[in-house]
Amino acid sequence: MAYKNLIDLHVHTDNSYDGHHSAVFLCESAVEMGLRAVAFTDHVEMDFYRDNKFDLSARQSYFEVVKARSAFTGKLIVCAGLELGQPTYNLPDSEQLVQLYSYDIILASIHNLRMKNDFWLLPRDKAMNPDEIHKQLQGYFKEMLQLVQWGKFDVMTHMTYPLRYMMTERGLGMVDLAPYREVMDAILETAAQKKIALEINTASLRTSYGKIVPDESIVRRFRELGGSRITVGSDAHYAHHLGKDVDSGMDMALRCGFTHVTLFQQREALKIEIA
C-alpha cells in the first residue's frame, strides 16, 4: 500500500560509529523519496559513555541535526534525537543526557548484557547452544523490564533485538519465545502504562533473519495490553536504507489495530494518521 505519511523515526548519521552519511545528505535523500519526517537518533552507548567518547559524538550529532533541520524547514520535518543504549547501566549520565539538549525524541535499547559484547557479535557460522540462548534471553528481557520501569525515554526500540543474531547465516536456529511470555507481557504492559511507544523496526528485513522486529504477535499483544503509541523505523545506517520497508511496518501497524503512528517533537507525542 502506498502511504502519503511515511515517517522514519530511527536513522543514524555518520556521528554513529557505524553510520555513513551526514544529516544534510540524509535529509536530501529523504526529500527525494517523499518522506514526511525523519528522526536522527545516533548511538550513545551509556555503558561506554565517556570511555568511548559518546558524550562528544552526542553533542556533535545534536548540533549537526539542528543545522540540517534549519536548512530543510518547509521541506521535511527533521527531529533531533538519540538512541540510548543500555541507559540503566549508567543512570547518572543517562539522567543528565536526556535533559542536556532540546531533543525531539529519545529511543532506548538494550544491545548487550552487562559487561558483555553487543549481540551482533554472536557467532553466526553455527547454531547456538539452546542453554546459552535461554540464558542470554533471560538476561535480555530482565534488562528490558528494568529499562521500561525507568522509562525516561519515548520509544522502546527493536524489542527482540537478539533474535537478529541467534541464528546461522543459513536461516537456522529460530528461537521459541514461549518461555518468556510472562516477562514480555510485563515489559509491554509497563511501556503501555508509561505511554512509551513500541517501535516496529524494519532493519531485519535486510538481514538473513528476514523479519520485522518485534514480530506481529508482539505488536498485537502491546495493543491488547493498552499500548497506544507505535513508531516505525528503518534503523538506517546508509542513505539507501533510509525509509526502507517503512511501508511494510505501517502495514503491520494497521493489521494490529493501530490507525496512527506517533511523531515526537520536543518530546511531545503527535498522532499521525496512517494514510
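Helix H5 comprises 13 residues, 181-193, and extends 18 Å from its first C-alpha to its last, close to the 18 Å expected at 1.5 Å a residue; the expected span is 1.5 Å times one less than the number of residues. Helices (H or I, at least four residues) and strands (E, at least two) are DSSP runs, numbered from the N terminus. The structure is a predicted model, in which local features need pLDDT of at least 70 and side-chain atom pairs count only at pLDDT 80 or more, while totals for chains, interfaces and linings use all residues. Residues are numbered from 1 along each chain as its sequence is written, and side-chain values use heavy atoms, with hydrogens and water left out.

Within H5, the buried residues are Met184, Ile187, Leu188, Thr190, Ala191 and Ala192. Buried denotes under 20% relative accessible area, exposed over 50%, and partly exposed the range in between (1.4 Å probe, protein chains only). The buried residues of H5 pack against helix H4 (130-150), strand E5 (155-156), strand E6 (197-201) and helix H6 (216-224), where contact means heavy atoms within 4.5 Å. Just after H5, lysine 195 adopts a positive phi of about 60 degrees.

Rolling a probe the size of a water molecule over the atoms shows where empty space is left. On a 1 Å grid over the protein atoms alone, a cavity is a set of points where a 1.4 Å probe fits but cannot get out, whereas a pocket is an open set with protein on both sides within 12 Å along at least five of seven lines; lining residues have an atom within 4 Å of a point. Grid points are joined across faces, edges and corners, and a volume is the space filled by probe spheres set on the points.

The largest pocket has a volume of about 570 Å³. Its lining consists of 22 residues, of which Asp18, Arg164, Tyr165, Asp235 and His237 are the closest to the centre. This lining divides into seven nonpolar, eight polar and seven charged residues; Ala, Val, Leu, Ile, Met, Phe, Trp, Tyr, Cys and Pro count as nonpolar, Asp, Glu, Lys and Arg as charged, and the others, Gly among them, as polar. Aspartate 235 is located in the loop between strand E7 (230-233) and helix H7 (246-255). The phi of aspartate 235 is near 55 degrees, a positive value in a residue other than glycine, and aspartate 235 counts as buried because its relative accessibility is 5%.

The second largest pocket holds about 260 Å³ of space. It is lined by 16 residues, with Tyr17, Glu45, Phe48, Asn52 and Phe54 nearest its centre. E2 and H2 are the elements that give two or more residues to this lining, which contains five nonpolar, eight polar and three charged residues.

One cavity of 30 Å³ or more was found. The largest cavity contains about 40 Å³ of space and is lined by Asp42, Val44, Ala58, Ser61, Tyr62, Gly81, Leu82 and Tyr103. Strand E2 (37-45), helix H2 (54-71) and strand E3 (77-85) each supply at least two residues of this lining, with H2 giving the most, three residues.

A disulfide is a covalent bond between the sulfur atoms of two cysteines. Under the criterion of a pair of cysteine sulfur atoms within 2.5 Å, the count is zero. The nearest cysteine sulfur to cysteine 27 is that of cysteine 79, 10 Å away; this distance is too far for a bond. Cysteine 27 is buried, at 0% relative accessibility, and cysteine 79 is likewise buried, at 0%.

Threonine 157 lies in the loop between E5 and H5 and is buried, with 0% relative accessibility. Residues up to four places away in sequence aside, threonine 157 touches His10, Glu83, Leu107, Ala108, Ser109 and Glu199. Threonine 262 belongs to strand E8 (residues 260-265) and is buried at 4% relative accessibility.

The peptide bond from valine 213 to proline 214 is cis, with omega near -5 degrees, and proline 214 is placed in the loop between E6 and H6. Methionine 115, in the loop between strand E4 (105-109) and H4, has a positive phi near 65 degrees and is exposed, at 82% relative accessibility.
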